[in-house]
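Please read them with the model open.

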Amino acid sequence: MPAHTTPVSSQDPDDFDHASAIEACALGDETAFRRLYDLESGRMLALAMRLLGSRDQAEDAVHDAFIKLWSNAGQYRRELGNGRAWLFTILRYRALDQLRAQGRTPRGDSEALDSLADLLANPEAAAHDSQTAHQLSDCLGELEAPRREPILLAFFKGLTHEQIAEKLSAPLGTIKGRIRAGLKRLQECLSR
């Protein structure tokens with residue numbers, strides 16, 4: 001497995017059969033493992049960076065998650081959930097384990113963050129849960145553009161805070177503040 005790289009796959013993850021790829025990994029299929037890595041590692045890195053606040057730690061969490069995937073792929077059961085959600089759940093647990101080991105709590109720990117993470121991890125389920133998806137969409141729509149845009153770039157495009165600051169021609173501290181304030185507003189909105 002390549003370390004510390006963020007491949008970009010042109011394939012739409014919604015069109016990829018994660019369950020079959022995980023089952024192939026259980027049989028030792030390295031090509032299936034590579035395809036999963038190429039497809040999801042960038043999105044997983046973005047999510048891990050949100051949770052951990054450090055690229056180095058996020059890369060470690062993604063690396064650990066893929067090792068866990070490879071070693072535990074035989075335990076996956078497609079009838080219990082979709083493969084993509086399973087993969088992102090492994091990542092979230094690895095990130096939380098890292099935080100606990102350091103006596104820290106997740107950055108931006110909020111229900112809004114969890115909702116966004118769930119959408120990233122399991123868009124199919126989120127789409128079926130139309131009430132949640134609709135509520136999140138409404139709440140995002142209520143945010144002022146300067147707060148909404150950085151959140152969308154961070155959570156749905158996977159850009160780092162530095163990349164967002166450069167893209168929006170705003171100071172890094174301003175971007176971090178807008179994301180923090182926007183997530184707080186989302187949390188308040190989603191709890192209504």
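1. Overall contacts. Of the contacts in the protein (heavy atoms within 4.5 Å) between residues at least 6 apart in sequence, 70% join residues at least 24 apart. This is a predicted model, in which local features need pLDDT of at least 70 and side-chain atom pairs count only at pLDDT 80 or more, while totals for chains, interfaces and linings use all residues. Residues are numbered from 1 along each chain as its sequence is written, and side-chain values use heavy atoms, with hydrogens and water left out.

2. Secondary structure. The protein has 10 helices and zero strands. Helices (H or I, at least four residues) and strands (E, at least two) are DSSP runs, numbered from the N terminus. In sequence order the pattern reads α-α-α-α-α-α-α-α-α-α.

3. Burial. The protein has 192 residues, and 40% of them are buried. Buried means under 20% relative accessible area, exposed over 50%, and partly exposed in between, with a 1.4 Å probe and protein chains only.

4. His18. This residue belongs to helix H1, residues 18–26. Is His18 buried or exposed? Its relative accessible area is 5%, so His18 is buried. Leaving aside residues up to four places away in sequence, His18 touches Pro13, Leu36, Leu39, Glu40, Gly83 and Arg84. His18 and Leu87 are 69 residues apart in sequence, and their C-alpha atoms are 8.8 Å apart in space.

5. H1 against H2. The axes of H1 and helix H2 (residues 30–52) come within 8 Å and cross at roughly 135°. Axes are lines fitted to C-alpha atoms, for helices over the stretch in contact, and angles run from 0 to 180 degrees between N-to-C directions. H1 is therefore oblique to H2. Angles under 35 degrees count as roughly parallel, over 145 as roughly antiparallel, 65 to 115 as roughly perpendicular, and the rest as oblique. The crossing of H1 and H2 is left-handed. A crossing is left-handed if the near helix is turned anticlockwise from the far one by less than a right angle, and right-handed if clockwise.

6. Residues between H1 and H2. H1 contributes His18, Ala21, Ile22, Ala24 and Cys25 to the contact, and H2 contributes Ala32, Phe33, Leu36, Leu39 and Glu40. By class, this contact of H1 with H2 has eight nonpolar, one polar and one charged residues. Ala, Val, Leu, Ile, Met, Phe, Trp, Tyr, Cys and Pro count as nonpolar, Asp, Glu, Lys and Arg as charged, and the others, Gly among them, as polar. Cys25 has 2% relative accessibility, so it counts as buried.

7. H8 against H9. Helix H8 (residues 145–155) and helix H9 (residues 161–168) pack at about 135°, with their axes 10 Å apart. H8 and H9 are therefore oblique to each other. Their crossing is right-handed. The contact involves Glu149, Pro150, Leu153 and Ala154 of H8 with Ile164, Lys167 and Leu168 of H9. By class, the contact of H8 with H9 has five nonpolar, no polar and two charged residues.

8. Disulfide. How many disulfides does the rule (cysteine sulfur atoms within 2.5 Å) give? The count is one disulfide. It joins Cys139 to Cys189, with an S to S distance of 1.9 Å. The torsion about their S-S bond is about -80°, so the disulfide is left-handed. Cys139 lies in helix H7 (residues 130–142) and Cys189 in helix H10 (residues 172–190), 50 residues apart, so the pair links distant parts of the chain. Cys139 and Cys189 are both buried.

Notes
A disulfide is a pair of cysteine sulfur atoms within 2.5 Å.
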